[in-house]
Amino acid sequence: MGGWMITSLLCLAFPLLLIYAAWHDVSTMTIPNWVSITLAAVFVPAAFAAGLSAEQIGWHLMFGAAVLIGCAVLFYLNVFGGGDAKVIAAASLWTGLGASAPFVFGMAIAGGALAGLLIVLRRMQIKSDKPWLSRLLSPEEGAPYAVAIAIGALLAAPASPVLAAGMAGIAA
């Protein structure tokens, strides 16, 4: 198996895990810990396969750790949930500082759109017999922010050196 194929396969974990996190958050308002752990764990072999140096990987790891600390503070201030904090930090490993602006911008725009949609739907007082949909439409519930996280991270993917290498392999 060629190096580009290994890189591409490892990089597939990024969108698949983010999409799963978003789906799980919508259906249960939780994000399993294994999603963030796997996303973080696959980063290092994907980065090496993509050709990043140990120094570059170290910078990504330091950036991810800084984001985790910042997100932990925001969690303790009740800005967002613990699952959101962990997924943001794990995705930040992949984006690195260089792709953090499109990640944060995309996440903020998607989060605003999600909040607006939920406000409108919740004011309509739609009833459902499906427990996940009733929970989603309940004014007492928060927003499944993993949807916005996934959108922001996927929009930032082309600016990430790891994910750009993975996408180049798929396009080859």
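Helices (H or I, at least four residues) are taken as DSSP runs and numbered from the N terminus. The model is predicted, and local features need pLDDT of at least 70, side-chain atom pairs count only at pLDDT 80 or more, and totals for chains, interfaces and linings use all residues. Residues are numbered from 1 along each chain as its sequence is written, and side-chain values use heavy atoms, with hydrogens and water left out.

Figure 1. Ser 27 belongs to helix H2, which covers residues 13–28. With a relative accessibility of 16%, Ser 27 counts as buried (buried means under 20% relative accessible area, exposed over 50%, and partly exposed in between, with a 1.4 Å probe and protein chains only). Once neighbours within four places in sequence are set aside, Ser 27 is in contact with Trp 132 and Arg 135, where contact means heavy atoms within 4.5 Å.

Figure 2. A pair of aromatic rings is described by the distance of the centres and the angle of the planes. Rings of Phe, Tyr and Trp (its six-membered ring) pair if their centres lie within 6.5 Å; planes under 30 degrees apart count as stacked, over 60 as edge-to-face and the rest as tilted. Five aromatic pairs are found in the structure. In one of them, Tyr 20 and Trp 34, the ring centres are 5.3 Å apart and the planes stand at 40°, so the pair is tilted. Tyr 20 lies in helix H2 and Trp 34 in helix H3 (residues 33–49), so this pair ties together parts that are 14 residues apart in sequence. Tyr 20 is partly exposed at 28% relative accessibility, and Trp 34 is partly exposed with a relative accessible area of 44%. The rings of Phe 75 and Tyr 76 have centres 5.0 Å apart and planes at 65°, so the pair is edge-to-face. Phe 75 is partly exposed, its relative accessible area being 32%, whereas Tyr 76 is exposed at 66%. One aromatic cluster is formed by Phe 14, Phe 43 and Trp 94.

**Figure 3. The largest nonpolar core.** A nonpolar core is a set of buried Ala, Val, Leu, Ile, Met, Phe, Trp, Tyr and Cys residues joined through side-chain atoms within 4.5 Å. The largest such core has 41 residues, and those that touch the most other members are Phe 14, Leu 18, Ile 88, Trp 94, Phe 103 and Val 162. Two or more residues are given to this core by each of H2, H3, helix H4 (54–76), helix H5 (82–95), helix H6 (100–123), helix H8 (146–156) and helix H9 (161–171). H5 supplies the largest share, eight residues. Not counting residues up to four places away in sequence, Ile 88 touches Val 67, Cys 71, Phe 80, Phe 103, Met 107 and Ile 149.

**Figure 4. Helix H8 and its cover.** The buried residues of H8 are Ala 146, Ala 148, Ile 149, Ala 150, Gly 152, Ala 153 and Ala 156. Their cover includes H2, H5 and H6. Pro 15 is located in helix H2 and is partly exposed, with a relative accessible area of 22%. Between Pro 15 and Ala 153, which are 138 residues apart along the chain, the C-alpha atoms are separated by 8.5 Å.

**Figure 5. A nonpolar surface patch.** Ile 69, Val 73, Leu 74, Leu 77 and Val 79 form a nonpolar patch on the surface, together having about 460 Å² of accessible area. Patches are made of residues with over 30% relative accessible area and no salt bridge; like charges are joined within 9 Å and nonpolar side chains (Val, Leu, Ile, Met, Phe, Trp, Tyr) within 5 Å. A salt bridge is a side-chain nitrogen of Lys or Arg within 4 Å of a carboxyl oxygen of Asp or Glu. Accessible areas come from the Shrake-Rupley method with a 1.4 Å probe, and for residues only the protein chains shown count as cover. Leu 77 sits in the loop between H4 and H5 and is exposed, with a relative accessible area of 59%.

Figure 6. Leu 133 lies in helix H7, residues 131–137, and is partly exposed at a relative accessible area of 24%. Leu 133 and Thr 28 are 105 residues apart in sequence, and their C-alpha atoms are 9.5 Å apart in space. Most residues other than glycine have a negative phi. Met 29, in the loop between H2 and H3, has a positive phi near 60°. Gln 125, in the loop between H6 and H7, has a positive phi near 55° and is exposed, with a relative accessible area of 60%.
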